Amino acid sequence: MKDIRLLSEWIQQSRFTVVLTGAGMSTESGLPDFRSKSGWWKNYDPTTIASVDAMVANYSLFHEFYTMRLKTLAGCSPHRGHYILADWEARGLVHSIATQNVDGFHKAAGSRRVYELHGSLKSIRCSGCGRPGTVEDFLERADCRCCGGRLRPGVVLFGEALPQDAWNSALRDMKKADLVLVIGTSLQVYPANQLPSMTAGKTAFINYEVQGTGSGFDMAVQGKAGEVLAELDRMIK
Ligand code: BV8
């Protein structure tokens with residue numbers, strides 16, 4: 001409890017707070033994460049699924065995986081933790097959010113300055129000509145209406161570069177931050193996992209599992225993102 005009390009003070013004193021979130025930020029919305037016991041990668045090996053090779057060599061499996069991801073997403077929505085972060089931005093307590101998540105929940109909850117480092121599941125595009133497609137067309141396994149190419153979600157697959165503007169904005173803000181909150185991530189994925197080390201400010205890790213990953217932070221709070229954020233919000237209000 002004392003850590004959360006201290007963290008609530010850091011958040012109020014900070015002039016430039018940046019947040020980095022991962023899949024653990026959305027599990028309370030009903031979206032599985034990747035590496036926990038109930039995560040997506042339990043049944044699938046990411047590099048054989050979420051990669052360009054998989055999309056080219058095994059489009060059926062690729063399509064099946066992302067169809068399931070899109071259908072699961074359609075039944076979920078942001079939880080109180082997403083709304084609290086959006087409220088903190090409106091109140092000047094948070095400057096921006098860099099997210100590894102592709103669910104769009106931070107923006108849906110009202111956050112304005114969100115850097116989607118790994119793209120967005122619902123932004124469908126043609127893997128051939130790059131023109132936008134619709135989720136409906138993707139789900140029906142239709143081809144691109146312009147060039148007949150295969151449709152794909154606008155997510156960053158393993159082996160692909162991150163969107164330049166999102167990465168540069170996140171890096172710029174991390175360097176300026178005097179407080180970085182890292183929420184719901186195992187920090188296994190490069191280069192997003194490098195961001196917390198880019199700041200000269202204080203760093204706090206809020207995660208269900210804190211052993212190992214939590215070391216190297218100024219503070220590690222073990223718990224569920226939504227619950228910890230609600231507790232902090234009560235202390236700050
Ligand atoms: C690139 C989109 C170069 C798709 C994703 C060997 C060593 C090191 C690196 C590499 C290597 N071989 C290859 C690499 C690079 C590779 C990489 O990092 N691989 C890893 C797996 C070893 N990275 C890349 O390929 C990146 N690109 O490097 O390009 C380049 C440069 C120039 C030109 C060309 C190429 C691209 C990486 C992006 C991949 N795309 N997602 C999709 O979603 O389908 S990654 C995927 O993992 C998701 O985005 C996810 O968000 C992300 C990270 O995972 P986490 O968010 O951390 O989720 P995880 O389940 O792991 O952890 C959740 C945590 O939350 C857990 O700790 C859990 O305890 C906790 N939790 C759960 N519930 C809660 C909670 N905490 C609090 N509250 C809760 N309720």
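User: Where is the place of L187?

Analyst: L187 is in the loop between β6 and β7. Strands here are DSSP runs of E with at least two residues, helices are runs of H or I with at least four residues, and both are numbered from the N terminus. This is a predicted model, in which local features need pLDDT of at least 70 and side-chain atom pairs count only at pLDDT 80 or more, while totals for chains, interfaces and linings use all residues. Residues are numbered from 1 along each chain as its sequence is written, and side-chain values use heavy atoms, with hydrogens and water left out.

User: Is L187 buried or exposed?

Analyst: L187 is buried, because its relative accessible area is 16%. Buried means under 20% relative accessible area, exposed means over 50%, and partly exposed lies in between, with a 1.4 Å probe and protein chains only.

User: And what is the phi of L187?

Analyst: L187 has a positive phi of about 55°, although it is not a glycine. Most residues other than glycine have a negative phi, and most peptide bonds are trans.

User: Which peptide bond is cis, then?

Analyst: The bond from Y190 to P191 is cis, with omega near -5°. P191 also lies in the loop between β6 (179-183) and β7.

User: What about R141, where is that found?

Analyst: R141 belongs to the loop between α7 (135-139) and β5 (151-155). Its phi is positive, about 60°, although R141 is not a glycine. R141 counts as partly exposed because its relative accessible area is 39%.

User: Changing topic: which residues are closest to the ligand?

Analyst: The closest are R35, R69, T185, S186 and E209, and 36 residues surround the ligand.

User: How many of the shell residues are nonpolar, polar and charged?

Analyst: The shell has 15 nonpolar, 14 polar and seven charged residues. Ala, Val, Leu, Ile, Met, Phe, Trp, Tyr, Cys and Pro count as nonpolar, Asp, Glu, Lys and Arg as charged, and the others, Gly among them, as polar.

User: How much of the ligand does the protein bury?

Analyst: Taken alone, the ligand exposes 1500 Å², and the protein buries 74% of that. Accessible areas come from the Shrake-Rupley method with a 1.4 Å probe; for residues, only the protein chains shown count as cover.

User: Where does M25 lie?

Analyst: M25 lies in the loop between β1 and α2. M25 is buried, with a relative accessible area of 0%. Its C-alpha atom is separated by 8.4 Å from that of N101, 76 residues apart along the chain.

User: What about G39?

Analyst: G39 is placed in the loop between β1 (17-21) and α2 (46-49). G39 is buried too, at 3% relative accessible area.

User: Which residues of α5 are buried?

Analyst: In α5 (residues 80-90), G81, H82, I84, L85, A86, W88 and E89 are buried. G92, with a positive phi near 80°, follows α5.

User: Last one: which charged end sits over the ring of W10?

Analyst: The charged end of K202 does, 5.1 Å from the ring centre. A charge sits over a ring if NZ of Lys or CZ of Arg is within 6 Å of the ring centre and within 35 degrees of the ring normal.

Note on methods
Near = heavy atom within 4 Å.
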